[in-house]
Number of protein chains: 2
Amino acid sequence: MSSPFNVAEIHIGVVGLGLMGSSIVAALLIAGHPVKAVAPIPADSLEADERIFNQLKQCEEAGLIANAENYWQLLTISEDYAILKSCHVVIECVIEDVDIKSVVYQKITSVVSPDCIVSSNTSAIPISTLQRYVSYPERFLGIHWAEPAFMTRFLEITCGNLTSPEKANHILDLAHCWGKEPTLLKKDIRGFITNRLMYAVYREIFHQLEQGNATPEDLDKAFRYDAGSWMTLMGIFRRMDYSGFKDFDTILNTVFPELSNSTTVPRLMQQMVQQDARGVHNNKGLYPYEGEEGKQWEEAFTRFNLDICQLAADYSADKLNLK
Amino acid sequence: MSSPFNVAEIHIGVVGLGLMGSSIVAALLIAGHPVKAVAPIPADSLEADERIFNQLKQCEEAGLIANAENYWQLLTISEDYAILKSCHVVIECVIEDVDIKSVVYQKITSVVSPDCIVSSNTSAIPISTLQRYVSYPERFLGIHWAEPAFMTRFLEITCGNLTSPEKANHILDLAHCWGKEPTLLKKDIRGFITNRLMYAVYREIFHQLEQGNATPEDLDKAFRYDAGSWMTLMGIFRRMDYSGFKDFDTILNTVFPELSNSTTVPRLMQQMVQQDARGVHNNKGLYPYEGEEGKQWEEAFTRFNLDICQLAADYSADKLNLK
């Protein structure tokens, strides 16, 4: 695939080396970028280095790269923001706290050049809010990754009020070198695109559950085996084109007024939050988990993710020769 | 897999041999049932026979069955409802018109025994409405299949007001012999489960499109590569257990009041209906189609469907050894 970019010459910075940050570093390394990674929490530094190496090994085993060591050598980790000086793009992945992020942006922008693109992986704070803390704010935008970043095709680029469309389009182009299918959100609505659409599902699915119309297992199954059977190939609008529009006006006219318009958090969700339910991670969630079950779900997801990612690649626009 | 049923002795009737009816016949044949198929439209009879044979061949090529001919021999097609006499279950798949369906039910019930389960594949008419036209209405329920029925794991069983829970549970058990992951909807809400949840997505996605926040392509991509990357494995509630519930109360409290509560059909959808847009089937839809593109999408979906169905089977509860 020809590309207008020479990725080996484009240095990318990542600040914050928790789970997500490490995963993004691995994604950028396998794309061929030299990566400058800053660990603001010193303890993260060593742990992240090992984690990233293991992720590269995972990519090697999956056949995504030839030799993990070669890619690992493109990585520099430090606690010192000065390593970001050469960067063309910096991605911030620290915790979801505006005060902490604003300090991080100050440290980044005091080192990089004024035309370096500065971005956040946030999924919780509006880009327009964060943008206020960045000098030359037109260069600031959201780059939202899915977990694990090195093995998912999703990438959401979000503009704040002040973001320059050219900067956003530049990242959109670059993201193709990262093996992504990037999407551009022109306005930073809450929840961005997918989460926003999923929240609409949450509102209705909890409503159905509260009405006692079906069990949680059955509600999940319906989504897994119906929506799941076309989702990765089509998305929503293409699926409509596949079904055709006959009687859709009558159906939507009937159903829309019956959908939940609730503005409050479902009681079951409140209980989960109060119980500090971390689901498969602490065996406390909507489903019961015993012993190693939570862990087994995590492992299953890692395997599934590779499988679905390869399946998605087999049906990419290039392969299908379809728009 | 041991089963309490001897499928070879359970005769199943199908009335209506359009695309969906044929596909359901093929699904029941590969499960091992003798199938009695009634073609109320005489012209359907020959065409359906050939279509069903080709579908069985497709299952043979996919390795789902050993020999298409052997399964085909279990099929009887006739215009005469009398062939339904021996049936344990009859599935009606005629067009979505209450008057036509009510006549069909009368013809079915005049032949079968009073304890024969009578069902409809309807996705548009409430089961409680149809139930009124069936003698011994407690034996009537919805059995809603996904297309192609012989190669999807989805099956939705819907109770009307008068449906006997035992009859519904009996079909639920039997559906496991059909290679399905059946779900039970205890009350016949409009749109049943998946469609209902998808309509909630439709409401929000058209809202985002109308606001100009993202292109249709990007809205689709977000769903394909984000939601699509976990949907088949997890469904909605399991996904929540995977993500954990931290800050979910705050997020939903903020987002729910911002979601669309529209009760009217989106203008773009109205236009599609007025233009008789049948999407990939007449190259008229939300996306532009030229020449063979619509057809290529149909072919891609046939291939994808087999792939995702096999992937889903690899991650079934049995295989994962997880609930």
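This note covers salt bridges in a predicted model.

1. Over all chains, a search of the whole structure gives 22 salt bridges. Three of them are taken up below, with their placement and accessibility.

2. Glu258(B) and Arg190(A) form a salt bridge in which the closest N and O atoms are 3.2 Å apart. The pair joins two chains, because Glu258(B) sits in the loop between helix 10 (248-255) and helix 11 (267-274) of chain B, while Arg190(A) sits in the loop between strand 8 (181-185) and helix 7 (192-210) of chain A. Glu258(B) is partly exposed, at 35% relative accessibility, and Arg190(A) is also partly exposed, at 36%.

3. Glu258(B) has a further salt bridge to Arg196(A), at 3.5 Å from N to O. Arg196(A) belongs to helix 7 of chain A and Glu258(B) to the loop between helix 10 and helix 11 of chain B, so this pair too joins two chains. Arg196(A) is buried, its relative accessible area being 5%.

4. Within chain B, Glu181(B) pairs with Arg153(B) in a salt bridge, with 3.1 Å between the closest N and O atoms. Glu181(B) is in strand 8 (residues 181-185) and Arg153(B) in the loop between strand 6 (140-145) and strand 7 (154-159), so the contact ties together parts 28 residues apart in sequence. Both partners fall under the 20% cut-off for buried: Glu181(B) has a relative accessible area of 14% and Arg153(B) one of 16%.

5. Shared partners link Arg190(A), Arg196(A), Glu204(B) and Glu258(B) into one salt-bridge network.

Key: Residues numbered from 1 in each chain as written. Chains lettered and ligands numbered in written order. Predicted model: local features only at pLDDT ≥ 70, side-chain atom pairs only at ≥ 80, totals over all residues. Heavy atoms only, no water. Salt bridge = Lys/Arg side-chain N within 4 Å of Asp/Glu carboxyl O. Helix = DSSP H or I, 4+ residues; strand = E, 2+ residues; numbered from the N terminus. Buried < 20%, exposed > 50% of the residue type's maximum accessible area, 1.4 Å probe, protein only.
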